[in-house]
Amino acid sequence: QVQLVESGGGLVQAGGALRLSCAASGSIFSIYDLTWYRQAPGKQRELGAGITSGGSTNYADSVKGRFTITRDNAKNTVYLQMNSLKPEDTAVYYCNADVRVRWYARSTEYWGQGTQVTVSS
């Protein structure tokens, strides 16, 4: 019903920047919270940054001041601008969206397939 497609990952040197995008498509009535998670090799998935439908944001302490999350509601897209990247930011980044597909339905969480970000030292 709902698909999330991430893009923008890649290989970058430490200190560099990348911009991730996640576009939602399908049967969408409204989108509430949008969140970027990340999972490094051998570690649990962790929250990176989130943004509510009203534009309030929250960040993991490890990315505060370096990452910025924004959303374009007209395009059903969320972005993650990542600056001053560090090798420890290397992970697969996943987009998560809380979506209501019908006005009468409860919202459901959907996940993207993930995009690899690799930061070399």
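Biologist: Cysteine 22 and cysteine 95, are they buried or exposed?

Modeller: Both are buried. Keep in mind that this is a predicted model.

Biologist: How many disulfides does the structure hold?

Modeller: One. Cysteine 22 is joined to cysteine 95, with an S to S distance of 2.2 Å. The link ties distant parts of the chain together: cysteine 22 belongs to strand β3 and cysteine 95 to strand β9, 73 residues apart.

Biologist: And why is the disulfide left-handed?

Modeller: The torsion about the S-S bond of cysteine 22 and cysteine 95 is about -80 degrees, so the disulfide is left-handed.

Biologist: Back to β9. How does strand β9 pair with β11?

Modeller: In the antiparallel sense, over three bridges. Tyrosine 93 stands opposite threonine 115 of β11.

Biologist: What about β2 and β11, parallel or antiparallel?

Modeller: Parallel, with four bridges joining β2, residues 10–13, to β11. Leucine 11 has threonine 118 as its bridge partner in β11.

Biologist: Which side chains of β11 are buried?

Modeller: Thr115, Val117 and Val119, which point to one face.

Biologist: New topic, the surface. Which residues form a nonpolar patch there?

Modeller: Phe29, Trp103 and Tyr104, which together have about 440 Å² of accessible area.

Biologist: Where is phenylalanine 29?

Modeller: Phenylalanine 29 is in the loop between β3 (18–26) and β4 (30–39).

Notes
Residues are numbered from 1 along each chain as its sequence is written. This is a predicted model: local features need pLDDT of at least 70, side-chain atom pairs count only at pLDDT 80 or more; totals for chains, interfaces and linings use all residues. Side-chain values use heavy atoms; hydrogens and water are left out. Patches are made of residues with over 30% relative accessible area and no salt bridge: like charges are joined within 9 Å, nonpolar side chains (Val, Leu, Ile, Met, Phe, Trp, Tyr) within 5 Å. Accessible areas come from the Shrake-Rupley method with a 1.4 Å probe; for residues, only the protein chains shown count as cover. A salt bridge is a side-chain nitrogen of Lys or Arg within 4 Å of a carboxyl oxygen of Asp or Glu. Helices (H or I, at least four residues) and strands (E, at least two) are DSSP runs, numbered from the N terminus. Buried means under 20% relative accessible area, exposed over 50%, partly exposed in between (1.4 Å probe, protein chains only). Two strands pair if DSSP finds at least two bridges between them. A disulfide is a pair of cysteine sulfur atoms within 2.5 Å.
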